[in-house]
Amino acid sequence: MYSIVLSFLLFSSLLSIDGEQLTYPQARAVLMVAGWPPEHRHAALQVAACESSLMPNVTGDNRDSIGLFMIQWEPSTWRGWRHAPALAELHDKDIQNPYHNARAALLIFRDHGWEPWTCQPWGRR
């Protein structure tokens, strides 16, 4: 019961983050609530810090890449991750929201590892 209440409080506080740069503790909480397994959270934090400097509202690649993990949600050059069946739970969500972005990154990571990202846990490729 305690962990459910704690998760709810963390999730509620994450929804109030309005485009500000996340602190490392906030980013770790986002990863935890989004379901990242403990053994991958440190690597995910490194990738998000490299990709976005932990700024939820940042965009890149001519605005095709969005949020903490620079998810290519609906880019002009291909259908994007928004249409991937594995991400169906997020199709109508705001991908700039730190939770939704981290959740999308997790679902992409489960199928593709770190390959889709320019930034890797060990540095840029």
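The side chains of Asp92 and Lys93 form a salt bridge, with 4.0 Å from N to O; the term denotes a side-chain nitrogen of Lys or Arg within 4 Å of a carboxyl oxygen of Asp or Glu. The model is predicted, so that local features need pLDDT of at least 70 and side-chain atom pairs count only at pLDDT 80 or more, whereas totals for chains, interfaces and linings use all residues. Residues are numbered from 1 along each chain as its sequence is written, and side-chain values use heavy atoms, with hydrogens and water left out.

Asp92 is exposed, at 62% relative accessibility, while Lys93 is partly exposed, with a relative accessible area of 36%. Here buried means under 20% relative accessible area, exposed means over 50%, and partly exposed lies in between (1.4 Å probe, protein chains only). In total, two salt bridges are present in the structure. In general, side chains of opposite charge can pair when their charged atoms come close. Arg103 and Glu89 also form such a bridge, their closest N and O atoms being 2.9 Å apart. This pair links distant parts of the chain, since Arg103 lies in helix α4 and Glu89 in the loop between β3 and α4, 14 residues apart. Arg103 is buried, with a relative accessible area of 16%, whereas Glu89 is partly exposed at 41% relative accessibility.

The chain contains four helices and five strands, arranged along the sequence in the pattern α-α-α-β-β-β-α-β-β. These elements are DSSP runs numbered from the N terminus: helices (H or I) have at least four residues and strands (E) at least two. Three of the strands form an open antiparallel sheet in the order β1-β2-β3. Its edge strands, β1 (59–60) and β3 (71–72), each pair on one side only. Strands count as paired if DSSP finds at least two bridges between them. β1 pairs with strand β2 (residues 65–66) in the antiparallel sense over two bridges, and Ser65 in β2 is the bridge partner of Gly60.

Helix α4 also holds Asn101, which is buried at 0% relative accessibility. Apart from its neighbours within four places in sequence, Asn101 is in contact (heavy atoms within 4.5 Å) with Ile66, Gly67, Leu68, Phe69, Met70, Ile71 and Ile95.

Aromatic rings were examined next. Rings of Phe, Tyr and Trp (its six-membered ring) pair if their centres lie within 6.5 Å; planes under 30 degrees apart count as stacked, over 60 as edge-to-face and the rest as tilted. This rule gives six aromatic pairs. The ring centres of Trp36 and Phe109 are 5.2 Å apart and their planes are at 40 degrees, so this pair is tilted. The two residues come from distant parts of the chain, Trp36 from the loop between α2 (24–34) and α3 (38–52) and Phe109 from helix α4 (residues 98–112), 73 residues apart. Both Trp36 and Phe109 are buried. For Trp114 and Trp117, the centres are 5.4 Å apart and the planes are at 65 degrees, so the pair is edge-to-face. Trp114 and Trp117 are likewise buried. One aromatic cluster is formed by Trp36, Phe69, Phe109, Trp114 and Trp117.

For the chain as a whole, 44% of the 125 residues count as buried. Among contacts between residues at least 6 apart in sequence, 46% join residues at least 24 apart. The accessible surface, computed by the Shrake-Rupley method with a 1.4 Å probe, comes to about 7,000 Å², of which 54% belongs to carbon and sulfur atoms.
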